[in-house]
Amino acid sequence: MAKRALFSVSDKAGIVEFASGLQKLGWEIIATGGTKSLLSKSGIPVIDISEITGFPEICDGRVKTLHPKVHGALLGVRENPEHMKELSENGIGFIDLVCVNLYPFKETIAKPDVTLDEAIEKIDIGGPSMLRSAAKNYTSVTVVCDPRDYAGVLRQIEENGNTSLMTRLELSAKAYTHTAQYDMCIATYMRKQADLPEKLFLEFDIKQPLRYGENPHQSANFYASPDVQPFSLADAIQIQGKELSYNNIQDANAALSIVRDFSDPFCVALKHMNPCGAAQAGSIEQAWQKAFEADPVSIYGGIVAVNRPLTKEIAQAMKPIFLEIVLAPDYTPEALEILVTKKNLRVLKVNMTQSDKPVNQYVGVTGGMLVQHQDTQTEILTLEQVVTEMKPTPEMLADLQFGWNIVKHVKSNAIVVVQDLQTRGVGAGQMNRVGSAQIALEQAAASGNCDRLVLASDGFLPFDDTVELAARYGVKAIVQPGGSIRDAECISKANEKNIIMLLTGVRHFKH
């Protein structure tokens, strides 16, 4: 008796060649719906699934393969006499190969404004059932769900008359992986529609093994989400340089998070996940120069990210500086000619298209995981937020806005001191806020020309000591969330020292 193959695919790439190859080897081809139409038009003799089941497709094609003459043909154990007797009594012949891929559910829900009804129509029922049945009986049935496997399967059948047992086992595992991912995607989507947060399903594919983790004695891998996202290192194109390390990836991701908050020409230099120099200017060349001048010492061995194509002028200025990574949306040919001379420098091209789509942030803890939306919120500062007697000038308000945008990316407790849209001092990760302020203000004082400093704090000022300290260094304005029981004392101290103060009502801790 001729062997039989059942075809039912949404992705029809390569299907005609695969089915034609089997048919030429003497196999009978069974197919459903659109797959049958395509194969028939291509001149391949095809048996309609309804001829096998004796039942028409119903409910707009929702029911066509859910039938004992399909699943009996797949699940019957050939070495089991009782199974063989039951199949014979019910007129059920074997199906020896199943070629199925599923309705494009993930692609459907990725479309903007897709409705729940549209998504549900792309939930495949019969396809996963056939894959699972065939995969369960892999000792006798070949199951194929990936077009990339067509050529190898056909070659084995041509050479040996059938696929090997090991190949069928591997394809079985692949089919179960395929259905598991498919069901996980559906479950995640449906649970989101029903607002059921008590389960979390994640899908990440390995992008690259890493030489080691945060330290050489730690093993690590880099996994990427299948969802393409802007400002994502997982989707970046590495133009040149050594492989990224664990710490490189962490730092580069932090740099991209900062760049995302700026639309005007902007440059940030970053070290150990904290900005050491950042600036906004009328041109990207000016932004680079100001960011470098903000801290020409700490930039050594750091990362630089810009939100405009990187030019020859910037590349030339970077040439004598040791940098680990450069990130930009693009590079001029002249810039690449210069950067290529720094063979170990990692040069990455990153999609920096702005998007309002919320992105989840995952943090592993021992025995669990924390999940939150990334802190992409950036408040626009206005005069209505001023709580002191004095009001800021437009230039001062712009500096306060710049500092507020930067401080949320600095490890708490965080203080950023700014002048002329340029960081002058950054205090990060201290156990008390006045300690962070001391670091930032001392750094600002050392840079010179500090007659219009403003200060941003990611959390409220618990005491008026930070205001007192800021006054000693000539700070003219402070922006902070407010919310302390001593807000009134801080405001009073600011008025006493002729310092402007804005309260945003929103904090931006970063641990």
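The entries below follow the order in which I looked things up.

**Entry 1: the model**

I noted at the start that this is a predicted model.

I turned to the second largest pocket, which holds about 670 Å³ of space. I then looked up its lining, which is made of 22 residues. Closest to the centre of this pocket are K106, E107, H178, Q181 and Y182. The largest share comes from α10, with 6 residues. Sorted by class, I recorded 9 nonpolar, 5 polar and 8 charged residues in the lining of the second largest pocket.

**Entry 2: helices α4 and α8**

Two packed helices are described by the angle between their axes and the distance between the axes. I applied this to helix α4, residues 68–75, and helix α8, residues 126–136. Their axes come within 8 Å and cross at roughly 25°. Angles under 35 degrees count as roughly parallel, and α4 and α8 are therefore roughly parallel to each other. I listed the residues that make the contact: V70, H71, L74 and L75 belong to α4, while S129, M130, S133, A134 and K136 belong to α8. By class, this contact of α4 with α8 has 5 nonpolar, 3 polar and 1 charged residues.

I stayed with α8 and asked how many of its residues are buried. The count is 8 of 11, and the helix is mostly covered. The buried residues of α8 are G126, G127, P128, M130, L131, S133, A134 and A135. I also looked up what these buried residues pack against. Their partners are the strands β1 (4–8), β4 (97–100) and β5 (142–144), together with the helices α4 and α10.

I next looked up V77, which sits in the loop between α4 and α5 (81–89). With a relative accessibility of 28%, V77 counts as partly exposed. Leaving aside neighbours within four places in sequence, I found V77 in contact with H83, M84 and N137. I also checked V77 against V259: the two are 182 residues apart in sequence, and their C-alpha atoms are 60 Å apart in space.

P147 lies in the loop between β5 and α9 (150–160). Is P147 buried, partly exposed or exposed? At 25% relative accessibility, I recorded P147 as partly exposed. Residues up to four places away in sequence were not counted, and P147 touches D11, A13 and N101. The C-alpha atoms of P147 and V9 are separated by 10.0 Å, although these residues are 138 apart along the chain.

**Entry 3: two glycines**

I compared where G282 and G459 are placed. G282 is in the loop between β10 (274–280) and α12 (284–294), whereas G459 is in the loop between β18 (454–457) and α17 (465–472). Buried means under 20% relative accessible area, and exposed means over 50%. At 69%, G282 therefore counts as exposed. At 1%, G459 therefore counts as buried.

G282 and D264 are 18 residues apart along the chain, with 7.5 Å between their C-alpha atoms. G459 and G483 are 24 residues apart in sequence and 8.8 Å apart in space. Beyond its neighbours within four places in sequence, G459 is in contact with R433, Q480, P481 and F509.

**Entry 4: backbone details**

The peptide bond from S412 to N413 is cis, and its omega is near -10°. N413 is found in the loop between α15 (394–407) and β16 (415–418). L421 is not a glycine, yet it has a positive phi of about 55°. L421 belongs to the loop between β16 and β17 (423–427). N449, not a glycine either, has a positive phi of about 50°. I located N449 in the loop between α16 (433–447) and β18. N449 is exposed, with a relative accessible area of 57%.

Key. Residues are numbered from 1 along each chain as its sequence is written. This is a predicted model: local features need pLDDT of at least 70, side-chain atom pairs count only at pLDDT 80 or more; totals for chains, interfaces and linings use all residues. Side-chain values use heavy atoms; hydrogens and water are left out. On a 1 Å grid over the protein atoms alone, a cavity is a set of points where a 1.4 Å probe fits but cannot get out, and a pocket is an open set with protein on both sides within 12 Å along at least five of seven lines; lining residues have an atom within 4 Å of a point. Grid points are joined across faces, edges and corners, and a volume is the space filled by probe spheres set on the points. Helices (H or I, at least four residues) and strands (E, at least two) are DSSP runs, numbered from the N terminus. Ala, Val, Leu, Ile, Met, Phe, Trp, Tyr, Cys and Pro count as nonpolar, Asp, Glu, Lys and Arg as charged, and the others, Gly among them, as polar. Axes are lines fitted to C-alpha atoms, for helices over the stretch in contact, and angles run from 0 to 180 degrees between N-to-C directions. Angles under 35 degrees count as roughly parallel, over 145 as roughly antiparallel, 65 to 115 as roughly perpendicular and the rest as oblique. Contact means heavy atoms within 4.5 Å. Buried means under 20% relative accessible area, exposed over 50%, partly exposed in between (1.4 Å probe, protein chains only).
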